[in-house]
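Good morning, and thank you for joining.

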Amino acid sequence: MKQGIDVVGLYVRDQDEALAFYVEKVGFRVHTDVKNGDYRWLTVQHPDQPSFQLGLFAPAPPVLDAATAQAVRALVAKGAMPPLVLKVDDCRAAWERMRALGVEFTQEPVERFGTVDAGFRDPSGNGWKMIQARG
Amino acid sequence: MSQGPAPQDPDLLRRLLRARDRMDAASHEEWPVGRLAQVSGVSEAHFARSFKQAFGIPPHRYLLTRRIERAMALLRETDLSITDIAFDTGWASLGTFGRTFRDITGETPSAVRLRGKAAAHDLGRVPVCIANAARRPDLITAVSEKRRRAADGTNEPEQQQESS
């Protein structure tokens with residue numbers, strides 16, 4: 001595929017913490033992790049989805065001014081960022097595995113409309129729905 | 001409010017979000033301020049004011065809107081009786097449920113049931129939890145209902161903490 005969405009970023013409060021969370025608990029892999037002074041470009045990806053990267057970015061100078069960075073950190077911590085959806089083969093199995101690793105679930109798996117969904121948050125406050133693929 | 005409150009610490013906000021998430025996950029349960037404060041790791045006195053500053057609505061009012069949201073989903077998507085829905089969503093009496101439901105939504109539960117069944121599949125491609133949140137009762141209505149109650153002299157307990 002030559003065209004398409006390559007990277008979508010999340011704001012996280014701490015990139016080391018977010019990296020550990022998404023790699024060790026959710027099961028993603030590091031794609032790129034490079035530093036340039038205070039700036040760190042960090043992306044991860046789902047092992048089954050090599051054409052898409054999820055950026056884990058810090059709302060901080062020099063990209064944002066200090067006041068804007070503070071406002072963004074507050075929004076993330078209040079759960080005000082847009083919803084994220086993770087598709088899994090087996091929602092209950094993923095929930096059990098991730099819960100055992102200490103992931104903060106906001107909703108246990110619920111069966112409805114022919115599928116199963118659960119909800120969790122990353123340490124920063126970004127909210128994910130985890131939905132079992134149909135059939 | 002003539003001078004804006006100081007910005008809230010993101011770590012505190014994250015812990016307040018945890019209390020809000022817990023209400024979301026079990027809105028049928030009782031959530032006294034002490035229980036919520038414990039989830040957030042702050043004092044009871046601090047909790048209600050911090051929550052309202054963060055989310056624009058007192059915690060008890062937030063819980064009521066979540067209960068009504070859930071009742072609306074059950075009215076639309078299940079065949080449970082209105083009485084069962086009232087008790088399943090955390091109300092101690094059918095009368096309180098019906099009254100609060102009308103105050104917040106402007107409609108009766110049975111009207112929502114009749115109308116909702118027809119439109120149940122409009123949001124079929126939106127993840128259901130997100131679709132429900134999108135149809136959450138309007139908070140402005142809830143606030144005006146709260147003012148009416150205050151005028152009636154039927155203040156809820158957190159009223160005192162808010163005005164302190």
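This is a predicted model: local features need pLDDT of at least 70, side-chain atom pairs count only at pLDDT 80 or more; totals for chains, interfaces and linings use all residues.

In chain A, four strands make up an open sheet with mixed pairing, and their order is β1-β4-β3-β2. At its edges lie β1, residues 7-11, and β2, residues 29-36, each of which pairs on one side only. From one strand to the next, the twist averages 25°. Packed on this sheet is helix α1 of chain A, residues 15-26, which touches β1, β2, β3 and β4 of chain A. The direction of α1 makes about 10° with that of β3(A).

Within the sheet, consider β3, residues 39-45, and β4, residues 53-57, of chain A: these strands pair in the antiparallel sense over two bridges. In β4(A), V44(A) has L54(A) as its bridge partner.

Let me turn to chain B. Helix α4(B) comprises 19 residues, 59-77, and spans 27 Å from its first C-alpha to its last, close to the 27 Å expected at 1.5 Å a residue. How many of the residues of α4(B) are buried? The count is 16 of 19, so the helix is mostly covered, with buried meaning under 20% relative accessible area.

Finally, the interface. Chain B contributes 18 residues to the contact and chain A contributes 22. About 1500 Å² is buried between the two chains, and carbon and sulfur atoms give 60% of that area. Four salt bridges are found across this interface. D11(B) forms a salt bridge with R13(A), with the closest N and O atoms 3.8 Å apart.

Definitions and conventions:
Residues are numbered from 1 along each chain as its sequence is written. Chains are lettered from A and ligands numbered from 1 in the order in which they are written. Side-chain values use heavy atoms; hydrogens and water are left out. Two strands pair if DSSP finds at least two bridges between them. Axes are lines fitted to C-alpha atoms, for helices over the stretch in contact, and angles run from 0 to 180 degrees between N-to-C directions. Contact means heavy atoms within 4.5 Å. The expected span of a helix is 1.5 Å times one less than its number of residues. Buried means under 20% relative accessible area, exposed over 50%, partly exposed in between (1.4 Å probe, protein chains only). Buried area is the accessible area (1.4 Å probe) that two parts lose on being put together, summed over both. A salt bridge is a side-chain nitrogen of Lys or Arg within 4 Å of a carboxyl oxygen of Asp or Glu.
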